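Hi,

Here is the structure I promised to pass on to you. Have a look at it first, and then read my notes below.

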Amino acid sequence: MQRSSIDVIHSLETLLSKDQVSTEASVLESYGQDWTRFTQPAPLAIVFPRSTNEVADIVKCARTHKFALVPSGGRTGLSGGAVAANGEVVVSLDKLNTIEAVNKTDRTIAVGAGAITQAIQAAAREADLFYPVDFASSGSSQIGGNIATNAGGINVIRYGMTREWVAGLTVVTGTGEILELNRGLMKNNTGLDFRHLFIGSEGVLGFITEATLRLCSPPKDPTVLVLGLSDMDAIMLVLERIQGTTPLLAYEFFSELAASKVVEHAGVARPFDTKTPFYALIEFERDSEETEAAVFEAVEACMESGWVLDAVMSQSVAQARALWRLREDISETITRWTPYKNDISSTVSKVPQLLSAVDTVVHNHYPDWEVCWYGHIGDGNLHLNILKPENLDISDFKARCGDVSVDIFEAIRGLGGSISAEHGVGTLKAPFLEYTRTESEIASMRAIKAIFDPDEIMNPGKIFLAN
Ligand code: MLT
Ligand code: ZN
């Protein structure tokens, strides 16, 4: 180890306590990466602060000793946003995991950045309230990471992204200053709202250490419908028809390949015997007999039109959960193939064009590779996962997928869509940011970063390529 690295570790151990600083190989390995699995982790050390003040001290120390910091939550990200591959110090928010009592009058809950999403949902439920942002990784993702990536998930069609639910933030900027942003207020029109700058900033401006989240009333009797679809075109036709009957909590889709992977490798039961090219998973509130009858009628009409080939509706909470596994288990199941993920979006009305443009590119470039489709179609968000063929080296695979992604991103640019709908830019999509953001937008983003992080110590290489 070089002298300067020893100095850095020594200064961190002086600042915190020895048990809050780790250089153990297994800890470096696991805290140096997220779920992307494309980069070999190589952090210098992992630190575990216990308070916002300790985070501020670490930042000041990093400024003095000139080392880079990588904020780290549940490490469930899919774009390499929490990766530390160049001797950075990873700052884990694991120990800032407090969950305070729900404020029933304000309908808010105050939490530390390291609080697990599912634990927050449970605390809200105990108070007869609901934290609606949800996704498959909610059992291990931390709220700080959700906020830093403005996480989306399965209920966006109804409740929006994480941004909608953040009433206040405590942050430590890259200068080491502590800011209280919005303090849980419902109304606060006092100029620029830095809270929204930090939401989705992927750790390049500073650390999110605490948050006040909004809560709402829980949905009534959420009911799941899985439909077997005849082809891709049916996906949008069915969305329009069903959405006309009742507001939806979710409208998700997945392909037969995705379904077959979870059936085979995660032991999930098929929804019905018929195998169809695509499936839609719909969730709605069965709040009255009229709603149920209207949904039945809409499904029958879709069957008569030939768009829907088979259908099943949950009759219990347990059955609804079992059906959700068909969609929610896909991501984890396919990690064994180190998938190259495209997380793309357009406005909902342009989804048919997006689907057909991307499908053409995929067919031309990957005639023999396994391509797994799923996504939040009701939000205009498609996940296109290219599964790594077993015999292909990981860096060759990444390079080949990157080349082809350019064709996909060109199509997206033409439609005014986004190259990263909900997973963030991280390291993986940083080379392609210009497909969604103009040169002057990127220059403005860099200028804003320079205000909050003048020494460029915060999460280098994420969102922007190195200068
Ligand atoms: C999902 O929708 O399942 C998540 O965004 C994760 C993924 O895309 O794999
Ligand atoms: Zn998703």
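Let's begin at ligand 1: one of its oxygen atoms has a polar side-chain atom of His376 3.0 Å away, a polar contact, meaning a pair of N or O atoms within 3.5 Å. Glu422 also places a polar side-chain atom 3.0 Å from an oxygen atom of ligand 1, and for Lys341 the distance from a side-chain N or O atom to a ligand oxygen is 2.6 Å. On its own, ligand 1 exposes 260 Å², and the protein buries 88% of that (Shrake-Rupley areas, 1.4 Å probe).

Please keep in mind that this is a predicted model, where local features need pLDDT of at least 70 and side-chain atom pairs pLDDT 80 or more, while totals for chains, interfaces and linings use all residues. Side-chain values use heavy atoms, without hydrogens or water; residues are numbered from 1 along each chain as written, and chains are lettered from A and ligands numbered from 1 in written order.

The residues around ligand 1 (a heavy atom within 4 Å) include Leu78, Arg327, Tyr374 and His423.

Which residues hold the zinc ion, ligand 2, as protein donors? They are His376 (NE2), His383 (NE2) and Glu422 (OE), 1.8 to 2.1 Å from the zinc. Donors are N, O and S atoms within 2.8 Å of the metal (3.2 Å for Na, K and Ca), and sites may look incomplete because water is not among the atoms. Their spacing in sequence is H-x6-H-x38-E. Both His376 and His383 are buried, that is, under 20% relative accessible area (1.4 Å probe, protein chains only).

Enjoy exploring!

Methods:
Buried < 20%, exposed > 50% of the residue type's maximum accessible area, 1.4 Å probe, protein only. Polar contact = N/O pair within 3.5 Å; in protein donor to acceptor, adjacent residues only side chain to side chain.
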